[in-house]
Amino acid sequence: VPLALQVKNKAPAEVQITAEQLLREAKERELELLPPPPQQKITDVEELNDYKLRKRKTFEDNIRKNRTVISNWIKYAQWEESLKEIQRARSIYERALDVDYRNVTLWLKYAEMEMKNRQVNHARNIWDRAITTLPRVNQFWYKYTYMEEMLGNVAGSRQVFERWMEWQPEEQAWHSYINFELRYKEVDRARSIYERYILFTVLVIVHPDVKNWIKYARFEEKHSYFAHARKVYERAVEFFGEEHMDEHLYVAFAKFEENQKEFERVRVIYKYALDRIPKQNAQNLFKNYTIFEKKFGDRRGIEDIIVSKRRFQYEEEVKANPHNYDAWFDYLRLVESDADAEAVREVYERAIANVPPIQEKRHWKRYIYLWINYALYEELEAKASKRTRQVYQACIELLPHKKFTFAKMWLLYAQFEIRQKNLPLARRALGTSIGKCPKNKLFKGYIELELQLREFDRCRKLYEKFLEFAPENCTSWIKFAELETILGDIDRARAIYELAIGQPRLDMPEVLWKSYIDFEIEQEEYEKTRNLYRRLLQRTQHVKVWISFAQFELSAGQEQRLQRCRQVYEEANKAMRSCEEKEERVMLLESWRSFEREFGTDATKERIDKLMPEKIKKRRKLQAEDGTDAGWEEYYDYIFPEDTANQPNLKLLAMAKLWKKQQQESEAAAMDPDKDIDESQT
């Protein structure tokens with residue numbers, strides 16, 4: 001290696017250059033503007049031929065390098081065209097088509113060259129070859145028909161359109177053909193094209209779209225063929241049927257009829273469509289119908305629209321959830337207000353068909369009112385008593401009486417039969433209900449019915465059955481005894497009361513005893529009343545019983561009533577000394593004090609005042625549920641002077657109060673010595 005080429009410093013350079021940087025710099029330098037080539041002036045034919053030879057050689061070399069780059073062919077042909085070498089340019093295009101005959105741009109440039117140079121036949125020949133080779137390229141057809149029309153060759157252009165239509169092109173091609181015929185006032189030809197287009201739509205289903213029918217109808221309407229337009233709309237409605245209904249078709253149809261002043265037809269179209277198209281797909285339909293009614297309808301028509309819209313909403317709700325009974329109720333109210341009986345019955349039948357899937361009463365509570373409303377509608381609105389009876393009977397058969405029943409349904413059925421003056425059926429229904437599923441409400445309803453009919457023997461039998469079914473029901477015993485009292489059978493009523501208080505289990509015994517006592521008081525059987533009080537006090541020592549006993553003695557109206565009343569209070573006070581509930585004893589003493597203030601002497605008043613307890617505040621420890629301390633709680637307690645056990649407590653309390661008072665006086669004196677000096681001087 002020569003000494004000059006040897007690297008002395010083999011350390012790495014401070015700035016490293018990567019291959020990527022080298023490539024990027026080379027690309028950037030390519031974009032630098034090169035100086036334009038010098039202008040060459042050609043002065044004779046020989047120089048011109050030499051120039052042409054060099055350019056052609058350049059183009060041929062580019063083509064030879066890459067035959068598939070069509071832009072090289074097009075540039076070559078356009079250069080030859082600029083030199084008016086049409087034959088050479090044509091030859092270049094033909095060579096290019098041999099390379100890639102599917103290139104659309106190549107065909108377009110070739111044909112444009114021929115048209116630019118007014119070579120019409122050559123251009124026709126190229127367009128024919130193009131549409132034959134590539135029939136699905138719409139641009140060739142558009143250019144071809146436009147060229148023929150510009151040349152005034154209407155028949156030739158029509159012939160090209162016909163050839164195009166045989167390939168069943170897209171929608172715009174058909175409309176271009178129709179517009180072509182309309183430009184030359186060929187309405188009948190345009191109609192026949194529309195018919196062919198619709199026929200393709202129906203048979204081949206190339207374009208099953210509503211807008212194509214609407215355009216056809218509007219074409220007929222525009223040229224004043226109203227009968228033809230109506231027929232097109234009717235055919236469209238029949239073709240699409242109910243499975244593929246589209247609101248745009250019906251809106252266009254209705255607007256057409258509106259323009260023809262056929263308002264009844266418009267209403268029929270809108271209503272027909274609204275009854276069949278789902279609500280979510282009919283918003284535009286509702287809007288146009290509302291606008292129409294506001295323009296040409298009355299108040300009733302506008303209300304019908306609102307009702308129809310709400311009906312659609314309810315239909316969607318019940319379809320989404322058939323067991324949404326609230327939606328059914330709203331739907332039925334709407335239908336009842338604005339529909340005939342058959343339509344209402346149909347909705348009711350659909351509603352009651354949605355039986356709750358679970359046999360639990362809580363799931364049936366809303367459902368049963370569908371039956372009740374159905375029966376009431378048939379009776380009150382439709383005046384169909386036979387259908388009403390069938391509704392009640394069907395509902396009763398549907399209910400699972402072994403698990404639960406609805407007394408309301410039985411009673412409504414019985415009341416309906418009574419309104420129909422069919423008493424045996426009413427009694428049979430109530431008797432069946434008591435036999436299948438006895439309930440308190442059923443017994444009460446049946447007894448009330450017989451009372452209204454003055455069938456007292458039946459009432460007695462029903463009360464007996466009722467008390468056999470529910471002997472703990474105090475209200476039934478009381479009502480039974482009141483019935484006997486009204487009928488004047490006092491001994492029977494008393495016997496009923498005796499049986500009632502002898503029951504081992506009662507739901508409201510205090511009410512029963514009170515009723516029995518009131519009964520004896522009404523009969524002025526005071527001795528028996530006292531015996532009842534004594535018997536009741538053997539069972540319970542409640543303070544209210546003692547107070548009631550004392551008030552009875554006071555109001556008995558006999559001699560020594562005050563003494564008897566005071567004696568009752570004395571007995572009560574002695575009995576309640578051992579009672580833990582001190583508030584009840586205080587209540588008794590307050591009642592006694594009120595009595596003495598009104599009827600007693602000074603001695604008795606002083607005595608009762610001494611018996612009144614003293615109210616004191618105490619503290620007690622609280623515990624949480626987990627057993628931990630929860631702090632202290634203040635509460636009030638009562639200390640009765642009469643209790644001997646509490647006497648030391650009272651003395652201790654008095655001594656504590658006296659000591660506290662002395663402590664307060666001594667503290668006050670210690671804090672203000674000047675005051676003591678002044679007092680001593682004084």
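**Notebook: rings, a cavity and a pocket**

I began with charges over rings, and I noted that the charged end of K361 sits over the ring of F406, 5.0 Å from its centre; a charge sits over a ring if NZ of Lys or CZ of Arg is within 6 Å of the ring centre and within 35 degrees of the ring normal. I also found R191 over the face of Y225, at 4.4 Å from the ring centre.

I wrote down that this is a predicted model, in which local features need pLDDT of at least 70 and side-chain atom pairs count only at pLDDT 80 or more, while totals for chains, interfaces and linings use all residues. Residues are numbered from 1 along each chain as its sequence is written, and side-chain values use heavy atoms, with hydrogens and water left out.

**Ring pairs**

I looked up the aromatic pairs next, where rings of Phe, Tyr and Trp (its six-membered ring) pair if their centres lie within 6.5 Å, and planes under 30 degrees apart count as stacked, over 60 as edge-to-face and the rest as tilted. By this rule I have a count of 26 aromatic pairs. For F161 and Y177 the ring centres are 4.8 Å apart and the planes lie at 5°, so this pair is stacked. Because F161 lies in helix α8 (residues 154-165) and Y177 in helix α9 (residues 171-183), the pair ties together parts that are 16 residues apart in sequence; helices here are DSSP runs (H or I, at least four residues), numbered from the N terminus. F161 counts as buried at 3% relative accessibility, and Y177 counts as buried at 1%, where buried means under 20% relative accessible area, exposed over 50% and partly exposed in between (1.4 Å probe, protein chains only).

I then turned to Y233 and F253, whose ring centres are 4.9 Å apart with the planes at 15°, so this pair is stacked. Y233 in helix α12 (residues 226-240) and F253 in helix α13 (residues 247-259) are 20 residues apart, and their pair links distant parts of the chain. I found both Y233 and F253 to be buried.

I also noted a cluster in which ring pairs link W141, Y142, F161, W164, Y177, F180 and Y184.

I searched for cavities on a 1 Å grid over the protein atoms alone, a cavity being a set of points where a 1.4 Å probe fits but cannot get out, with lining residues having an atom within 4 Å of a point. The count comes to 1 cavity of 30 Å³ or more, and the largest cavity holds about 40 Å³ of space. I listed R566, W592, E596, T604, R607, I608 and L611 as its lining, to which α33 gives the most, with 4 residues.

In α33 I found T604, I608 and L611 buried. Seen down the axis of α33, these buried residues fall within an arc of 55°, so they line one face of the helix; the arc is that of the directions from the helix axis to the C-beta atoms. On the other side of α33, I noted D602, A603 and K610 as exposed.

**The pocket**

Last, I looked at the largest pocket, a pocket being an open set with protein on both sides within 12 Å along at least five of seven lines, and I noted about 470 Å³ of space in it. Of its 21 lining residues, E510, W513, K514, L536 and V545 are the closest to its centre. The largest share of this lining, 8 residues, comes from α28.

Methods
Helix = DSSP H or I, 4+ residues; strand = E, 2+ residues; numbered from the N terminus. Points joined across faces, edges and corners; volume = space filled by probe spheres on them.
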